[in-house]
Amino acid sequence: MNIMVIDGQGGRMGKSIVEQMKRNFPEDEILAIGTNSIATAAMLKAGADAGATGENPAIVGCRTADLIIGPLGIVIADSLLGEITPAMAAAIGQSRAKKILLPVNRCQHYVVGCRDLPLGELVRMAVELVRQFKEEAL
């Protein structure tokens, strides 16, 4: 499975996702897309198989990803303090990949009905959802 993890700012969420994905699904290819070089470096250090930074790598990666994981803001133009461009949000939203969006209530985006959980719990839940997707595919 080709899994694309997208994160920005300091890359803390992406780093946690990559670490847990590699621990749980070492056979899967993880592509780390950072909206800045700091985020990309954090995800590569966490064990991503490949990484790139910026708008074009995000758009290109969406074409071959089976699964895209990141904060909710990756599908909202100008999110992550402006690091998500309209073209990135459109490419992610239009991708045929399944998306797992972590509902981080920040940057003026709130998801009604979602509890404000610690990042570690959100990542654990995302990994469990990947496990369910993989079981369904068998």
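Student: So axes are lines fitted to C-alpha atoms, and angles run from 0 to 180 degrees between N-to-C directions. At what angle do helix α3 and helix α5 pack?

Tutor: About 10°. This is a predicted model, by the way. Helix α3 covers residues 55-64 and helix α5 covers residues 86-94. Their axes lie 9 Å apart.

Student: Is that roughly parallel or roughly antiparallel?

Tutor: Roughly parallel, because the angle is under 35 degrees.

Student: Which residues make the contact of α3 and α5?

Tutor: From α3, they are Glu55, Ala58, Ile59 and Cys62. From α5, they are Ala87, Met88, Ala91 and Ile92.

Student: How many nonpolar, polar and charged residues has that contact?

Tutor: 7 are nonpolar, none is polar and 1 is charged.

Student: On to the sheet. What is the order of its strands?

Tutor: It goes β3-β2-β1-β4-β5. These 5 strands make an open sheet with parallel pairing. At the edges are β3 (50-53) and β5 (98-102), each with pairing on one side only. From one strand to the next, the twist averages 20°.

Student: How many bridges link β1 and β4?

Tutor: 3 bridges, in the parallel sense. Strand β1 spans residues 2-7, and strand β4 spans residues 67-71. Met4 has Ile68 in β4 as its bridge partner.

Student: Which strands does α1 touch?

Tutor: Helix α1 (residues 12-24) packs on the sheet and touches β1, β2 (29-34), β4 and β5. Its direction makes about 155° with that of β1.

Student: And which strands does α3 lie across?

Tutor: β1, β2, β3 and β4. Helix α3 runs at about 155° to β1.

Student: New topic: rings. How many aromatic pairs are there?

Tutor: The count is 0.

Student: Then what sits over the ring of Phe133?

Tutor: The charged end of Lys98, 4.2 Å from the ring centre.

Methods:
Residues numbered from 1 in each chain as written. Predicted model: local features only at pLDDT ≥ 70, side-chain atom pairs only at ≥ 80, totals over all residues. Heavy atoms only, no water. Helix = DSSP H or I, 4+ residues; strand = E, 2+ residues; numbered from the N terminus. Parallel < 35°, antiparallel > 145°, perpendicular 65-115°, else oblique. Contact = heavy atoms within 4.5 Å. Nonpolar A, V, L, I, M, F, W, Y, C, P; charged D, E, K, R; others polar. Pairing = 2+ DSSP bridges. Phe/Tyr/Trp six-rings, centres within 6.5 Å; stacked < 30°, edge-to-face > 60°. Lys NZ or Arg CZ within 6 Å of the ring centre and 35° of its normal.
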